[in-house]
Amino acid sequence: GLSAAASDCWAEEDIVWHGFLSQGLMQASKSNFVNDDGDVSYKLTEAGINLSYQINPSLRLASQVVYLNGGNRYPEGLRLDYLFLDWSVYTSDNWELRFNLGRFKNYHWLYSSTRDIPHTRPSIVLPQSLYYDAFRDFAKGNDGLAALAQGDSRWGNWELNWSYGTTPIEKALTRTLLGEFATGELEQVFDHQASFYFQPRDSYSQFGIAMVSSDFRYESGNADFFVDGDAGTRRWIASYKYSAEHWDLSMEAVQEQLTYDNILFPGYYLNTYSQGIYLQGRWFASDALTLLGRIDMADMNKDDRSGAWLEQYSEGRIPRYFGYSDSLTLGMTYLLSENFALQAEVHRVK
């Protein structure tokens with residue numbers, strides 16, 4: 001992928017804006033990850049513009065609009081990623097408290113707040129065990145209220161985040177998540193998240209823990225393959241990051257409880273625990289060149305890591321390899337100039 005960025009400001013920096021454009025080539029052979037035939041695709045397009053307006057010393061307005069075309073990874077088109085008021089409630093020498101009201105950003109995971117811009121995420125495709133592309137529009141943030149606190153104590157630096165809201169789900173996203181035969185309405189009832197990060201004093205390590213609780217409701221449509229029902233997800237995420245001068249190391253591990261009540265057919269009930277973990281290292285070989293290596297593993301059911309039960313339960317309609325995904329990623333980023341970057345990566349997926 002080749003990406004470009006631009007920025008400018010007016011009115012003594014009261015308004016600051018940034019624009020970005022990224023275009024690439026992608027192929028996922030023997031897979032419908034990008035397209036249905038597995039051929040080389042140009043559907044790796046991202047373009048957007050964001051702005052920040054400082055209304056007064058304690059109140060700021062921030063917004064971003066993007067156009068995405070990622071093939072089967074998510075619905076194509078424009079979306080309003082965020083539009084929120086950032087209110088600095090209290091600031092002192094040792095800590096700060098802020099509230100975000102509106103369509104706010106997700107600050108709970110290591111890369112959730114930076115995944116929306118090609119220049120700021122570590123790779124073209126993030127680890128799918130946690131940053132699953134089909135859920136991109138859910139994971140970027142919600143409509144509601146968020147509170148962010150950070151401080152500096154004698155033991156180290158800490159950051160506490162909390163948020164509550166919902167995300168509108170359009171028809172195209174419903175079909176991406178449930179399949180082309182879904183004609184009904186999928187609604188997110190609520191999304192509740194909290195996270196805590198701590199960096200001990202004089203340490204290069206950062207430790208984090210996060211929680212996600214979210215419920216969904218499905219109302220079936222005319223001639224629908226699915227029926228009315230509910231679904232819920234509960235996620236627990238532990239993270240670690242080590243930042244040195246010429247390299248960094250990051251890890252996130254997730255366990256998710258997923259429940260289905262009806263939806264697939266009347267009387268259907270499912271309660272499973274999935275698990276995922278990735279380990280990623282980056283080497284800043286020079287000011288221009290960064291190399292990346294990552295191992296990413298995910299199992300849909302921690303008690304059925306081979307997918308054997310999944311294939312048996314569906315009477316062979318769902319192959320066992322839908323139950324797990326293990327991948328190795330090697331990548332590089334090269335800064336052609338301050339505003340242009342070239343990225344390339346290869347994924348070996350089992």
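Modeller: The model is predicted, so local features need pLDDT of at least 70, side-chain atom pairs count only at pLDDT 80 or more, and totals for chains, interfaces and linings use all residues. Residues are numbered from 1 along each chain as its sequence is written, and side-chain values use heavy atoms, with hydrogens and water left out.

Colleague: How many aromatic pairs does the structure hold?

Modeller: Rings of Phe, Tyr and Trp (its six-membered ring) pair if their centres lie within 6.5 Å; planes under 30 degrees apart are stacked, over 60 edge-to-face, the rest tilted. The structure holds 18 such pairs. Take Tyr82 and Phe84: their centres are 5.7 Å apart and their planes at 45 degrees, so the pair is tilted.

Colleague: Are Tyr82 and Phe84 buried or exposed?

Modeller: Buried means under 20% relative accessible area, exposed over 50%, partly exposed in between (1.4 Å probe, protein chains only). Both Tyr82 and Phe84 are buried.

Colleague: What kind of pair do Trp109 and Tyr131 form?

Modeller: An edge-to-face one, with 5.8 Å between centres and 70 degrees between planes. Trp109 is buried at 7% relative accessibility, and Tyr131 is buried at 0%.

Colleague: In which sense do strands S15 and S16 pair?

Modeller: Strands (E, at least two residues) and helices (H or I, at least four) are DSSP runs, numbered from the N terminus. Two strands pair if DSSP finds at least two bridges between them. S15 (residues 324-335) and S16 (residues 340-349) pair in the antiparallel sense over 9 bridges. They form a hairpin with 4 residues between them. Ser327 stands opposite Val349 in S16.
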